[in-house]
Amino acid sequence: MEAALIIFALMLLALVALGAYATVKAVGAAKRGVERTVSQARRTVEDTALRAKSIGQVGAAGQLAQLRLDLRTSMRATQQALYQGVRTDASLQESITLFEQLSTHGHELDAELKRLEQEPDRERLGQRLPELRERTERITKSADSLRWAAHDRARRLAQDDLSVLSAQIDLESDALRDWSSPTPTEADPSPTPPPREREALNPPPPPRPYPWEKSPRPETTT
C-alpha cells in the first residue's frame with residue numbers, strides 16, 4: 001500500500017511538472033509572438049514616418065529620411081530572400097554570413113542617420129550628406145547584389161529541374177507511343193503447360209475471394 005502511494009505521488013508530481021513546463025513553453029511562445037507583432041508594427045510606423053518625411057520635408061531632413069528608407073528597404077528585402085532561400089538551398093548559408101556582417105554596418109549607419117535627424121546645425125549636416133549618401137549606396141548595392149544573385153540562382157535551379165523533368169516526360173511519352181514493341185503475350189506465344197495434378201487426398205485450397213465478393217454459403221462448400 002505504501003509503495004502504491006509513493007508511485008501515485010511521483011506520477012502526480014510528474015504531471016504537475018509536465019503541466020508547468022507546457023505552460024512556460026506556451027507563455028514563451030505567446031510572448032515571442034507578441035514581440036514579433038510589436039516589432040513589425042514599430043517598423044511599419046517608422047517606415048511610414050520616414051516616407052512622409054522624405055516627401056513632405058525639404059533639405060537635409062528629407063534627404064536623411066530618404067537615405068534611411070532606402071537602407072531599411074534594401075536590407076529587409078535581402079534578409080527575407082536569403083533566409084527563405086536557404087531552406088531549400090543550403091549553399092546560401094555563406095551568403096547569409098556575409099549579409100550578417102553587412103548588417104552590422106547597416107545598423108550603425110541607420111543609428112547615425114537617426115541621430116542626425118535631430119541635428120540643429122543644418123549647415124554642418126549638409127556637409128555630411130555626401131559621405132552619408134555614399135555609405136548608404138555602398139551598403140544597399142552590396143545587399144542588392146546578394147539578393148539578385150540569390151534570385152538568379154533560384155530561377156536557374158528551377159529551370160534546370162524543369163528541363164530534366166521535361167526530358168524524362170518526353171522519353172516516357174515516346175516509350176508509350178512505341179507500338180512496335182511486342183507485348184509480353186506477343187513475345188512468348190507458346191502455351192503455358194498445365195500444372196501437375198495433386199493427389200485426391202490433398203485437394204487444392206479454394207481461391208481466396210476478393211474483398212468485394214460475397215462469402216460462399218456453408219451448404220455450397222460441401
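Contact means heavy atoms within 4.5 Å. The model is predicted: local features need pLDDT of at least 70, side-chain atom pairs count only at pLDDT 80 or more, and totals for chains, interfaces and linings use all residues. Residues are numbered from 1 along each chain as its sequence is written, and side-chain values use heavy atoms, without hydrogens and water.

**Exercise 1.** Which residues does Ile-139 touch, not counting residues up to four places away in sequence?

*Solution.* Step 1: leave out residues up to four places away in sequence. Step 2: read off the contacts. Ile-139 touches Leu-71, Met-75, Leu-102, His-105, Gly-106 and Leu-109.

**Exercise 2.** Which helices each supply at least two residues of the lining of the second largest pocket?

*Solution.* Step 1: list the lining. Leu-102, His-105, Glu-134, Arg-135, Arg-138, Ile-139 and Ser-142 line this pocket. Lining residues have an atom within 4 Å of a point of the pocket, an open set on a 1 Å grid over the protein atoms alone, where a 1.4 Å probe is used and protein lies on both sides within 12 Å along at least five of seven lines. Step 2: assign helices (DSSP runs of H or I, at least four residues, numbered from the N terminus). The answer is α3 (93–116) and α4 (122–176). The largest share, five residues, comes from α4.

**Exercise 3.** Is Thr-88 buried or exposed?

*Solution.* Step 1: recall the cut-offs. Buried means under 20% relative accessible area, exposed over 50%, and partly exposed in between (1.4 Å probe, protein chains only). Step 2: compare. Thr-88 has a relative accessible area of 76%, so Thr-88 is exposed. Thr-88 lies in the loop between α2 and α3.
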